[in-house]
Amino acid sequence: MIKQLLEKVRQYAKEGLFHIFGSKVLSQVGGLISSMVVIRFLEKAAYGHYVNAVNLYSYPAMFVGMGMTNVIMQYCSEKVSDERKASIYRHGLLVGHGANFLVVAAMLVMAVWKYQTGKPETALFLILMCGLPFVDYMNAFAQTALRVKLKNHVFSNANTISTVVLLLGNIILTKFFDIEGLIYSRYLSYFVAMTICISALQKERFFGRMITEGKRLVGEDRKEINNYAFVCAITNFASTVLVLLDVTCLDLILGDPTILADYHVAAVIPSACAFVPSCLMVFFYPKLVAAISEGKKEGRAFIAQLVKIYAVVNGFVYVCLALFAPLIIWIIYGEKYMNVIPLFQILSVNYLFYCVRNLMGNTIAAIKKVKVNLTFAVISGVLNICLNILLIPVLGSVGAAFATLIVTIVIAVMDCAYVMHHFKIET
C-alpha cells in the first residue's frame, strides 16, 4: 500500500505536480512579503480606496476572455485531432480578446460612477487598470495551452518568475508612484509571464499551426462551444462574487474605507490559501476529464482518489490557519490590523468548505453540466446579498464574513449531493 502510494507520488512529481505547488507557494509567499513591506507603510484610507477599485475591477474582470480558457481546458483535453484543437485555440483567442473590449467599457462606466459619487481616487485607479484585461487574457490563454499540453514545468516557471517581478515591482514602484505602483507592477508581471509562455509555445510553432491548421468553427459546433464558454463565464462570476459582494456591501452600507482595508487584510491569507486546491485542480483536471470520458466507473474511482488527497492536504492547511491566526496577523500586518483576527478565523473556516466546492464544482464542469454550476452560483449570489443586507447593519464586517461562510456551506452541500447522485456514490 505504502509502496504504491510512493510510486504514485513519484509519478505525479515527474509530471510537474510539485513544480505547480512550488510556483504557487512562492507566489503566495511573495504576496505576503509584499504585504509586509508595502501595505504596512501605505496610508490606511488610501489603501482602502485601492481595495475598492480592485474589488470593482474584479467584477468585469471575471469575464476576461468570456470563458474561453475554460473551453480550451475542457475541449482540448479530450482525445481529439490536432486540427480540432487548433480550431478551438483560434476561436478562443479571437472571441476572448473581442470580449475584453466589453470588460473595459464596463470599467470606464464604473470609474465615471465613482467619480460622480465623490471618490475620485477610486475612479483614477479603475482607469489605470483598463489595459489589464488584454495582458491578463493573453497570459491566461498561453498558460492554459501549456496545461493542456501537460507542460507543467514551463507553466510553473512562468508563474515563479512573474511572482518575483510582482514582488520587486510592488516594492520599487510604490516608492516612486505610491499606490499607483501596485497597478503598474501587475502589468509588468502579466507581461513577463505571458512572454515566457508564448516563447515556449512558439518552439512548437503553436501560433503558426493555430492559424494554418485551425478552421473556423461553424453551426452547432460553434454554438455549443460559445454556450459552454458563456455559461462558464457566468458561473465563474457568480461563484467568485461572494468576497467581492462583501466588500461592495460594506462600502455601500458603511462607507468607511478603513473597514474595507481591514476586511481585505483579513481575507487575503484565507483567500490566498485557495492556491492549494487550485494547484491540485490545475494538475488533476485534465486527468479528471480523461477518467470521466472513459466511463462512470472510472470517473467515480478517480473522484474518490481526489477526495482523499483534498482532505489530507487542505485539512492540514486549515489547522495551521486556525492555530496560528493571531501570530500570522501580527507578523505580516502588524499591530494596527490585530482587530481583524475574528474575521480571519471565520474566513479560515470558509476556506475549508471552499475546498469542497472547488473539487465538486470542477467535477460538475468536467461532466459538462455547467448549467448546474450556474444555477448553484446564482443561488449563492442571491443568498449572499440577502445575508449581507441582514447581517452587516447588525454585526458590521463580521456579518459580511458570516454571510460568506453560510453561503459556501450551503453550496458545498448542494455540489456534493449532485455529484453523488450523478455517479451514484453510496453514502
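## Exercises on a helical chain

Lys 149 has a relative accessible area of 32%, so it counts as partly exposed; in this text, buried means under 20% relative accessible area, exposed means over 50%, and partly exposed lies in between (1.4 Å probe, protein chains only). The model is a predicted one, in which local features need pLDDT of at least 70 and side-chain atom pairs count only at pLDDT 80 or more, while totals for chains, interfaces and linings use all residues. Residues are numbered from 1 along each chain as its sequence is written, and side-chain values use heavy atoms, with hydrogens and water left out.

**Exercise 1. Describe the chain as a whole: how many helices and strands does it have, and what percentage of its residues count as buried?**

Step 1. Begin with the elements: the chain has 18 helices and 0 strands, where helices (H or I, at least four residues) and strands (E, at least two) are DSSP runs numbered from the N terminus.

Step 2. Finish with the surface: the chain exposes about 19,200 Å², of which carbon and sulfur atoms supply 68%, the areas coming from the Shrake-Rupley method with a 1.4 Å probe and, for residues, only the protein chains shown counting as cover.

**Exercise 2. Find the salt bridges of the structure, and state which parts of the chain each pair links.**

Step 1. A search of the whole structure finds 2 salt bridges, each being a side-chain nitrogen of Lys or Arg within 4 Å of a carboxyl oxygen of Asp or Glu.

Step 2. One joins Lys 149 to Glu 204, with the closest N and O atoms 3.5 Å apart. This pair links distant parts of the chain, 55 residues apart, since Lys 149 lies in the loop between H7 and H8 and Glu 204 in the loop between H9 and H10. Glu 204 is partly exposed, with a relative accessible area of 29%.

Step 3. Another joins Arg 84 to Asp 221, whose closest N and O atoms are 2.5 Å apart. Here too the pair links distant parts of the chain, with Arg 84 in helix H5 and Asp 221 in helix H11 (residues 219-253), 137 residues apart. Arg 84 is partly exposed at 23% relative accessible area, and Asp 221 is partly exposed at 25%.

**Exercise 3. Which residues have the most contacts inside the largest nonpolar core, and which residues does Phe 141 touch?**

Step 1. The largest nonpolar core has 125 residues, and those with the most contacts inside it are Tyr 50, Tyr 89, Met 129, Phe 141, Tyr 285 and Leu 288. Helix H13 (residues 275-294) gives the most to this core, with 13 residues. A nonpolar core is a set of buried Ala, Val, Leu, Ile, Met, Phe, Trp, Tyr and Cys residues joined through side-chain atoms within 4.5 Å.

Step 2. If residues up to four places away in sequence are not counted, Phe 141 touches Thr 69, Ile 72, Tyr 89, Gly 92, Leu 93, Phe 206, Phe 207 and Met 210, contact meaning heavy atoms within 4.5 Å.

Step 3. Follow Phe 206, Phe 207 and Met 210, which are buried in H10. They lie on the same side of H10, because they cover an arc of only 95° around the axis, an arc being that of the directions from the helix axis to the C-beta atoms. The buried residues of H10 pack against helix H5 (82-116), helix H7 (132-148) and H9.

Step 4. Follow Ile 72 as well, which is one of the buried residues of H4. Helix H4 (residues 68-75) is mostly covered, with 6 of its 8 residues buried.

**Exercise 4. Which residues form a nonpolar patch on the surface, and which element gives the most to the patch?**

Step 1. Val 319, Leu 323, Phe 324, Leu 327, Trp 330 and Ile 331 form the patch, with about 590 Å² of accessible area together. Helix H14 (296-323) and helix H15 (325-333) are the elements that give two or more residues to it. Patches are made of residues with over 30% relative accessible area and no salt bridge, like charges being joined within 9 Å and nonpolar side chains (Val, Leu, Ile, Met, Phe, Trp, Tyr) within 5 Å.

Step 2. H15 gives the most to the nonpolar patch, with 3 residues.

Step 3. As a check on one member, Leu 323 lies in helix H14, and Leu 323 counts as exposed because its relative accessibility is 59%.
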